[in-house]
Amino acid sequence: GQTFDCGAKDGFILANLAFALQRGDIRPAIEGRVKAMIDALG
C-alpha cells in the first residue's frame with residue numbers, strides 16, 4: 001500500500017485526498033473540483 005506522513009501538513013492533505021478518491025461515495029463529489037484545481041495550476 002501507499003503511506004503518507006500525516007505529521008506533515010502536505011502528507012495529511014495527500015492522505016485525505018487519496019482516501020477520498022478511492023471511495024465510491026466521495027469521489028464523484030470531489031473529482032471534478034480536484035481536476036479543476038490541477039488545471040488552474042497551469
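This is a predicted model: local features need pLDDT of at least 70, side-chain atom pairs count only at pLDDT 80 or more; totals for chains, interfaces and linings use all residues.

Biologist: What does alanine 15 touch, not counting residues up to four places away in sequence?

Modeller: Alanine 15 touches Phe4 and Cys6 on that count, where contact means heavy atoms within 4.5 Å. Residues are numbered from 1 along each chain as its sequence is written, and side-chain values use heavy atoms, with hydrogens and water left out.

Biologist: OK. Is alanine 15 buried or exposed?

Modeller: Alanine 15 counts as buried because its relative accessibility is 17%. The cut-offs are under 20% relative accessible area for buried, over 50% for exposed and partly exposed in between, with a 1.4 Å probe and protein chains only.

Biologist: And where is alanine 15 placed?

Modeller: In helix 1. Helices here are DSSP runs of H or I with at least four residues, strands are runs of E with at least two, and both are numbered from the N terminus.

Biologist: Which other residues of helix 1 are buried?

Modeller: Besides Ala15, they are Gly11, Ala18 and Ala20. The buried residues of helix 1 pack against helix 2.

Biologist: How far apart are the end C-alpha atoms of helix 1?

Modeller: They are 20 Å apart. Helix 1 has 14 residues (9-22), so at 1.5 Å a residue it should span 20 Å, which agrees. The expected span is 1.5 Å times one less than the number of residues.

Biologist: Let's switch to charges. How many salt bridges does a search of the whole structure find?

Modeller: Three. A salt bridge is a side-chain nitrogen of Lys or Arg within 4 Å of a carboxyl oxygen of Asp or Glu.

Biologist: Which residue meets arginine 23 in a salt bridge?

Modeller: Aspartate 25, at 2.4 Å from N to O. Arginine 23 is partly exposed at 32% relative accessible area, while aspartate 25 counts as exposed at 54%.

Biologist: What about arginine 27, which residue does it form a salt bridge with?

Modeller: With glutamate 31, and the closest N and O atoms are 3.1 Å apart. Both lie in helix 2 (residues 27-41), four residues apart, about one turn of the helix. An α-helix has 3.6 residues a turn, so residues three or four places apart point the same way. Arginine 27 is partly exposed at 36%, and glutamate 31 is partly exposed too, at 25%.

Biologist: Which side chain meets glutamate 31 in another salt bridge?

Modeller: That of lysine 35, at 3.8 Å from N to O. Glutamate 31 and lysine 35 are also four residues apart in helix 2, so about one helical turn separates them. Salt bridges that share partners join Arg27, Glu31 and Lys35 into one network.

Biologist: Zooming out, how many helices and strands does the protein chain have?

Modeller: Two helices and zero strands. The C-alpha trace spans about 25 × 25 × 15 Å along its principal axes.

Biologist: Last one: what percentage of the residues of the protein chain count as buried?

Modeller: It is 12% of the 42 residues.
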